[in-house]
Amino acid sequence: MKKNYNKRSEKDYGLIRALYYKLFVIFVVIPVAKLMYNLKIEGRENVPKTSRLIFAGNHVSYLDPPLLSYAVDKLIAYMAKQELFTDKNQLLRFLVHSLGGFAVNREKPELATFKTVKAVFNTDWSLGIFPQGKIVKEPVIDNITKGFVLFAKKAKADIIPVGICGFDGYAKKLFEKNLTIKIGKPISYTLDEDEIVRQWAKQICEFTGFENRVEQKEMVNV
């Protein structure tokens, strides 16, 4: 029987997983962030105290979820592409699932996914999404899936844009790389769908210096 990786309940985000998650951040993520990537964090004051939030970042590497979680200091359940849950890399599969991640059909989200989002927001956890849907190595913001907007509106959750800046490859020795994570101003779920995408892309591009093709396409279509 095929396992349903997009179905999670409130029990999946209980005390045991929360403790495991925090210990993983303290003993694994923070040492890697500080000793390998000289990570700097800007804008943490922009993070509201509520847990009903969606953190949406640009996606440049497999390190993005744990580094983002550390930067915003929140418990975050990440929505991940289905392929990660059957990936050949056993460690990757284990971490994605054990840290609370759940699968999403990027083309057509299923009812179970919406139920999982609801379950997440009935706990102290927030939701993590990468609107580009995959790791993008080019310094551009383009081809944004509007799923994150749909989830925000359904859950009545504001979106916090998070820019992951300066990634140019994985570190192989101490203090080899320099990364900065910049946390933006909340974007209200009450805005028009296109306006939410526009504001997210604008903030991310201001943080990272990436090319804003969302804005360029709008100018062409005017």
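A salt bridge is a side-chain nitrogen of Lys or Arg within 4 Å of a carboxyl oxygen of Asp or Glu. By that rule, the structure holds four salt bridges. The model described here is predicted.

**Salt bridges**

| Pair | N to O distance | Relative accessible area |
|---|---|---|
| Aspartate 194 and lysine 146 | 2.4 Å | Aspartate 194: 37%; lysine 146: 38% |
| Lysine 177 and aspartate 168 | 3.2 Å | Lysine 177: 15%; aspartate 168: 56% |
| Arginine 198 and glutamate 195 | 2.1 Å | Arginine 198: 32%; glutamate 195: 24% |

The side chains of aspartate 194 and lysine 146 meet in a salt bridge. This pair links distant parts of the chain, 48 residues apart. Aspartate 194 belongs to helix 6 (residues 193-208), while lysine 146 sits in the loop between strand 6 (140-141) and helix 5 (147-155). Aspartate 194 is partly exposed, and lysine 146 is partly exposed as well.

Arginine 198 and glutamate 195 make a salt bridge with their side chains. These two residues are separated by about one helical turn because they lie three residues apart in helix 6. Arginine 198 is partly exposed, and so is glutamate 195.

Buried means under 20% relative accessible area, and exposed means over 50%. Lysine 177, at 15%, is therefore buried, whereas aspartate 168, at 56%, counts as exposed.

Seven strands form an open sheet with mixed pairing, in the order 1-8-7-2-5-3-4. Its edge strands are strand 1 (40-42) and strand 4 (102-104), each of which pairs on one side only. From one strand to the next, the twist averages 25°.

Strand 2 (residues 53-57) runs parallel to strand 7 (residues 158-165), and five bridges join the two. On its other listed pairing, strand 2 is joined to strand 5 by three bridges, and these strands also run parallel. Isoleucine 54 has isoleucine 159 as its bridge partner in strand 7. Alanine 56 stands opposite proline 161 in strand 7 and opposite isoleucine 129 in strand 5.

How much of strand 2 is buried? Five of its five residues are, and the strand is described as mostly covered. In a regular strand the side chains alternate between the two faces of the sheet. In strand 2, Leu53, Phe55 and Gly57 point one way, and Ile54 and Ala56 point the other way. Residues of both sets are buried.

Helix 4 (residues 111-121) lies across strand 2, strand 3 (76-81), strand 4 and strand 5 (126-129). Relative to strand 4, helix 4 runs at about 140°.

**A nonpolar surface patch**

Which residues form a nonpolar patch on the surface? They are Leu19, Leu23, Ile26, Phe27, Val28 and Val32, and together they have about 530 Å² of accessible area. One of them, phenylalanine 27, is found in helix 1 (residues 15-37). Phenylalanine 27 has a relative accessible area of 61%. Exposed means over 50%, so phenylalanine 27 is exposed.

How values were computed: Residues are numbered from 1 along each chain as its sequence is written. This is a predicted model: local features need pLDDT of at least 70, side-chain atom pairs count only at pLDDT 80 or more; totals for chains, interfaces and linings use all residues. Side-chain values use heavy atoms; hydrogens and water are left out. Patches are made of residues with over 30% relative accessible area and no salt bridge: like charges are joined within 9 Å, nonpolar side chains (Val, Leu, Ile, Met, Phe, Trp, Tyr) within 5 Å. Accessible areas come from the Shrake-Rupley method with a 1.4 Å probe; for residues, only the protein chains shown count as cover. Helices (H or I, at least four residues) and strands (E, at least two) are DSSP runs, numbered from the N terminus. Buried means under 20% relative accessible area, exposed over 50%, partly exposed in between (1.4 Å probe, protein chains only). Two strands pair if DSSP finds at least two bridges between them. Axes are lines fitted to C-alpha atoms, for helices over the stretch in contact, and angles run from 0 to 180 degrees between N-to-C directions. Contact means heavy atoms within 4.5 Å.
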